[in-house]
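I opened the notebook to log what I looked up, one topic per entry.

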Amino acid sequence: MSKVYVSHNNIISSLGFSSDAVVSKISKETSGLQRIDNKSILPEPFYTSLINTEILQENFNKLHPKAEYTRLEQMMITSLSKVIDASNIKLNDRVGLILSTTKGNVDALDTNNPFSKDRAYLSELGNQVKNFFGFKNKAIVVSNACVSGILAVAIAKRYIQQDVYDHVFITSGDVITEFILSGFNSFQALSSAPCKPYDADRTGINIGEVAASVLVTNNSTDLAKEAVTVLGEGSCNDANHISGPSRTGEGLYRSMQSAFKQANITAEDVDFISAHGTATMYNDEMEAIAFNRMQLSNVPLNSLKGYFGHSLGASGLVETIVGMHALKNNTLYKSLGFETLGVTKPLNIITKTTEKNITRFLKTASGFGGCNTAILFQKTN
Amino acid sequence: MNTNYHIKSFCSIKNNQVSLNGSVVYKDEENSFSQFIKAAYKQQNSKYPKFFKMDNLSKLAFLAADILLKNENLSKEKENNIAIVFSNKSSSLDTDRKHQESIQNKESYFPSPAVFVYTLPNICIGEISIKYKLYSENSFFIFDSFNATHLLTYTNSLLSSNKANQVLCGWVEFDDENNYQAFLYLVSTKGTTKHNKQDIIKLYNT
């Protein structure tokens, strides 16, 4: 079975328009979250991270678009173009395209949106991105709730190992819409303060806006400095509840077991965990149980939601990219917003950004529908 | 690539007609989708009260999966490692439109968690996983039309890497009451129909 690498990458977020710029802000413990008080979007004030519209348009216009594109399309295309440029790969029939999103252009359903309602079809989003760059293959759109971004990496690996593609470009993103905010608010899950994953005083989640893109490839030459090898992956269901995580962390536990088995490594071989950590009590507690069942309670762990908020379809991918840079920089990044442990099982939350020689990390995510995904990555250089 | 996989059984729901392995098991051409799917559920004796709380896409996917899996006489004692790989064109748009309607006007603003939770296509996979205790690999993909090549590649990958023993896969589309279709099939090492692109397309079109 050929090795599969995650290589060139880009993040567009409120913390910057390149992975390096974003990671540099994270190393300074700078959060991209801000308070918004706008009754036309949500009756109550809330915290979110928003991509700067002016800078986005400036970057997007440099690509000479010949038609009108939605905000999400602009985010995805701008982000992906930077990865395609860095990769220098010809887009032939051995190159795949995967899009990860939960809601795509759902804002097109709003009667006040200038775009046609048909733009809300996710396949249409896929076509827009595919045609902009001239990919030879149809876009594969993954919409599997909050694990989509990390699951997309597993799917890319599987396509490469089935010998369908040599390279797969993934782009991911969701926009901050009234649609999404009103929904999470109806669950009373939104926090009116910056989120505090795993903390005793947590008050719920923040939704954030990010576009993130990577190249997944079987070619070990021309890799980015922060490239990683995909050691193993798994994506298992809780079979328990459609909107609440399992009390035993069953699906996450099994996803990790599946990933460790394929990677043929043990808990001691993992240097840190980039966890989901949404800062809801149910999620954080479920993760603590699952990590303890896997004997991972001593492994340094962070949630990056305190920097970006929960960026839905992009979250798993943006957090993977930051994890890749953490390995390259030999640095464990602080889990922002955490002070006192607020779960019933021990976890080794990173309270201070520290330099340390590190080689491997585990990325996990969980979402509605009982879905979970775990992937193990190893430094290549 | 291992080509020793077979399509063990298949189920389709379209035009107010349910069929299993090519034989019609329920038909009701008069009624609307909502009435039809409830009547089909009752006639099939599915006995799962949560069914009535589901959105249209979940009802459609759940019933097709239930009819197919019930016929497999799965073991209740030991776990069944059956992965679920679904796809469609309209994602959860039918329910998305309902949620949008509930927030469109500030004067009649009534977003509901019971509706919002179904604004993700993979919720129907969760419903089936709960009923059949499937702690297995699962994923939802979106394409503008039925994509046999994709389902074939992804299913072969899950089977050949031992991530799953069988894969329940197919197309579950619900755009509106007049535009819906479910076509699910179970891929296994046993069966008479070869697991290849031509046969998948042939069954999809029957």
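The entries below record what I looked up in this predicted model.

**Entry 1: salt bridges**

I searched the whole structure for salt bridges.

I started with R71(A) and E209(A). Their side chains meet in a salt bridge, 2.8 Å from N to O. I checked where each partner sits. R71(A) belongs to helix α3 (residues 71-87) of chain A, while E209(A) is in the loop between β7 (207-208) and β8 (210-217) of that chain. The pair links distant parts of the chain, 138 residues apart. E209(A) is buried, at a relative accessible area of 1%. R71(A) is partly exposed, at 25%.

Next I took R293(A) and E250(A). The salt bridge between their side chains is 3.0 Å, N to O. R293(A) is in helix α8 (residues 281-293) of chain A and E250(A) is in helix α7 (residues 250-263) of chain A, so the bridge ties together parts that are 43 residues apart in sequence. R293(A) counts as partly exposed at 32%. E250(A) comes out buried at 13%.

I asked why R254(A) is classed as buried. Its relative accessible area is 19%, and buried means under 20%, so R254(A) falls in that class.

I then looked for bridges with shared partners. One network joins K157(A), R158(A), E233(A), E137(B) and K163(B).

I turned to cavities. How many are there of 30 Å³ or more? The count is five. I looked at the largest cavity, which holds about 110 Å³ of space.

I listed its lining by chain. From chain A, the lining residues are T102(A), K103(A), C146(A), I180(A), F184(A), L312(A) and F368(A). From chain B, they are F116(B), V117(B), T119(B) and L120(B). I sorted this lining by class. It has eight nonpolar, two polar and one charged residues.

**Entry 2: an open sheet in chain A**

I traced the strands next. Three of them form an open sheet in chain A, in the order β2-β3-β7. The pairing is mixed. The edge strands are β2 and β7 of chain A, each pairing on one side only.

I went through the pairings in turn. Strand β2 (residues 34-36) of chain A pairs with β3(A) in the antiparallel sense, over three bridges. Within this pairing, I36(A) stands opposite F46(A). R35(A) has Y47(A) as its bridge partner in β3(A). On the other pairing, β3(A) and β7(A) run in the parallel sense over two bridges. There T48(A) stands opposite I207(A).

I also checked which way the β3(A) side chains point. F46(A) and T48(A) point one way from strand β3 (residues 46-49), and Y47(A) and S49(A) point the other way. All of these are buried.

**Entry 3: helix α5 of chain A**

I looked at helix α5 (residues 148-161) of chain A. The helix has 14 residues. From first C-alpha to last, α5(A) reaches 20 Å, close to the 20 Å expected at 1.5 Å a residue. Is α5(A) mostly covered or mostly exposed? It is mostly covered, with 13 of its 14 residues buried. D163(A) follows α5(A) and has a positive phi, near 60°.

**Entry 4: positive phi**

I noted two asparagines with positive phi. N264(A) has a phi of about 60° although it is not a glycine. I located N264(A) in the loop between α7 and β10 (272-274) of chain A. N264(A) counts as exposed at 69% relative accessibility.

The other is N73(B), with a positive phi of about 45°. N73(B) lies in the loop between α2 and β4 of chain B. N73(B) is exposed, at 67%.

Definitions and conventions:
Residues numbered from 1 in each chain as written. Chains lettered and ligands numbered in written order. Predicted model: local features only at pLDDT ≥ 70, side-chain atom pairs only at ≥ 80, totals over all residues. Heavy atoms only, no water. Salt bridge = Lys/Arg side-chain N within 4 Å of Asp/Glu carboxyl O. Helix = DSSP H or I, 4+ residues; strand = E, 2+ residues; numbered from the N terminus. Buried < 20%, exposed > 50% of the residue type's maximum accessible area, 1.4 Å probe, protein only. 1 Å grid on protein atoms, 1.4 Å probe; cavity = no way out; pocket = protein on both sides within 12 Å on 5 of 7 lines; lining within 4 Å. Points joined across faces, edges and corners; volume = space filled by probe spheres on them. Nonpolar A, V, L, I, M, F, W, Y, C, P; charged D, E, K, R; others polar. Pairing = 2+ DSSP bridges. Expected span 1.5 Å × (residues − 1).
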